Each structure stands twice: as structure tokens, then as C-alpha cells.
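This report describes the surface patches, helix packing, salt bridges and backbone geometry of one protein model. Please consult the sequence and the structure alongside the text.

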Amino acid sequence: MNNDFDILIKKAFAEDFGDIGDVTSSAIFSNEKDDYYVLSKDEGTLCGIDFFKKVFLKLDEDIELKLFKKDGEKIKNGEIIATIFGKVKSVLKAERTALNLLSHLSGIASETAKFVQKTNGKTKILDTRKTLPTLRKLQKYAVKCGGGENHRMGLFDLAMIKDNHIDAAGGIENAVRKVRE
């Protein structure tokens with residue numbers, strides 16, 4: 001997932017910075033440094049904290065981050081999840097990409113954890129392939145952090161006959177027979 005994530009960060013930065021960069025931060029700040037705190041805005045299950053950190057370090061290796069929680073851990077509203085120290089310009093350039101990713105993955109993990117809890121361990125909670133393009137591995141990772149299980153990664157790793165297959169094959173018997181062959 002490392003190379004995939006590097007590509008994702010590169011695309012996210014290109015989308016945000018365009019050909020110019022962060023015009024607002026560049027106009028206001030030089031090389032000032034400051035401390036920042038990442039606070040949870042809700043309770044739930046954390047997911048993506050290592051990716052969060054990697055976004056900042058990909059932009060500026062001199063940024064210092066301290067993480068207080070790990071993926072899969074429960075978080076409370078108002079809890080400090082991480083601290084960041086570094087150049088203001090660098091932190092502001094990377095923050096939205098990092099926070100969006102952390103929020104998105106934590107949301108998936110938190111919702112999965114709710115379903116897992118409601119089953120009292122009597123039912124497996126599985127994910128699907130209904131993911132956002134290029135984010136499948138991360139979103140499926142978030143399901144695992146929430147206590148769910150991955151069903152299949154793509155069309156390549158497991159046969160699964162759906163209504164479309166049954167209709168196009170002329171019935172369930174034909175579809176099953178052809179898969180078995």
C-alpha cells in the first residue's frame with residue numbers, strides 16, 4: 001500500500017497546489033514555526049493516523065509529529081490525537097489533505113465498529129467493493145480497524161455471482177455451472 005499511498009498524496013497535493021502552491025500562506029508567512037493540536041470532534045474509532053503523519057512528512061521532513069492514539073483505538077470528543085510542530089506554511093499546506101483522510105477513514109472505522117458491536121460477535125461484518133476509486137485499500141483497511149472483515153479486494157480474487165451474471169447467463173444454474181468449470 002506504500003507506493004499506492006505515495007501516489008495518492010502526490011495527486012492530492014497536485015490537486016490542492018496547482019502550479020503555484022498555497023498563495024495565501026505564502027503571502028502571510030515566511031519561515032515561522034508553531035505548535036498545533038489535532039482534537040477529535042466526536043467519539044469513535046480512529047483510523048489513518050499513520051497515513052495522516054505521512055502526508056505531513058511527505059511535504060516537509062522537518063515537521064515533528066507526536067501521535068497519542070493508534071488505529072483501531074476508541075477516541076473521545078475533545079481528545080488530543082496528535083501534536084504537530086513545524087513551519088506554519090508547511091503545516092497549512094498539508095493539513096487539509098491529512099485531516100480529510102483521517103476523518104474519512106475514521107468515519108468508516110467508527111460506523112463499522114457500531115455494526116460490529118450490535119452483532120455481539122454473532123455475525124461477521126463484511127465490506128464490499130463499493131469504494132471510491134483509488135481509495136479501496138484504505139477504505140477496506142478502515143473496515144478492519146472498526147472490527148469488520150474484508151470480503152474481496154476486487155473482481156480478481158473471488159468469484160461472486162450477482163443478478164447481472166445470472167440474467168446474462170440465462171439463469172442461476174448456467175452461471176454456477178460455468179463458474180465451477
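## Surface patches

The model is a predicted one, in which local features need pLDDT of at least 70, side-chain atom pairs count only at pLDDT 80 or more, and totals for chains, interfaces and linings use all residues. Residues are numbered from 1 along each chain as its sequence is written, and side-chain values use heavy atoms, with hydrogens and water left out. Patches consist of residues with over 30% relative accessible area and no salt bridge, like charges being joined within 9 Å and nonpolar side chains (Val, Leu, Ile, Met, Phe, Trp, Tyr) within 5 Å.

A nonpolar surface patch is formed by Tyr37, Leu39, Phe68 and Ile80, which together have about 410 Å² of accessible area (Shrake-Rupley method, 1.4 Å probe; for residues, only the protein chains shown count as cover). Leu39 also belongs to strand β1, and its relative accessibility of 48% makes it partly exposed.

Helix α3 spans residues 49-59, and its buried residues are Ile49, Phe51, Phe52, Val55 and Phe56. Helices (H or I, at least four residues) and strands (E, at least two) are DSSP runs, numbered from the N terminus. In an α-helix there are 3.6 residues a turn, so residues three or four places apart point the same way.

The buried residues of α3 pack against the helices α1 (2-17), α4 (88-119) and α5 (136-145), and against the strands β1 (33-39), β3 (64-67) and β5 (80-87); contact means heavy atoms within 4.5 Å.

## Salt bridges

Eight salt bridges are counted, each being a side-chain nitrogen of Lys or Arg within 4 Å of a carboxyl oxygen of Asp or Glu. Lys58 forms one of them with Asp6, the closest N and O atoms being 3.7 Å apart. Lys58 lies in helix α3 and Asp6 in helix α1, so this pair ties together parts that are 52 residues apart in sequence. Lys58 is partly exposed at 44% relative accessibility, and Asp6 is partly exposed at 23%. Asp6, Lys54 and Lys58 are linked in a salt-bridge network.

Asp127 and Lys140 meet in a salt bridge with an N to O distance of 2.7 Å. Asp127 lies in the loop between α4 and α5 and Lys140 in helix α5, so the pair ties together parts that are 13 residues apart in sequence. Both Asp127 and Lys140 are buried. A salt bridge also joins Glu181 and Arg177 (3.2 Å, N to O); Glu181 is exposed at 70% relative accessibility, whereas Arg177 is partly exposed at 39%.

## Backbone geometry

Most residues other than glycine have a negative phi. Asn120, although not a glycine, has a positive phi of about 50°. Asn120 lies in the loop between α4 and α5 and is exposed, at 62% relative accessibility.

Thr134, likewise not a glycine, has a positive phi of about 75°. Thr134 is placed in the loop between α4 and α5 and is exposed, with a relative accessible area of 63%.

Terms used. Buried means under 20% relative accessible area, exposed over 50%, partly exposed in between (1.4 Å probe, protein chains only).
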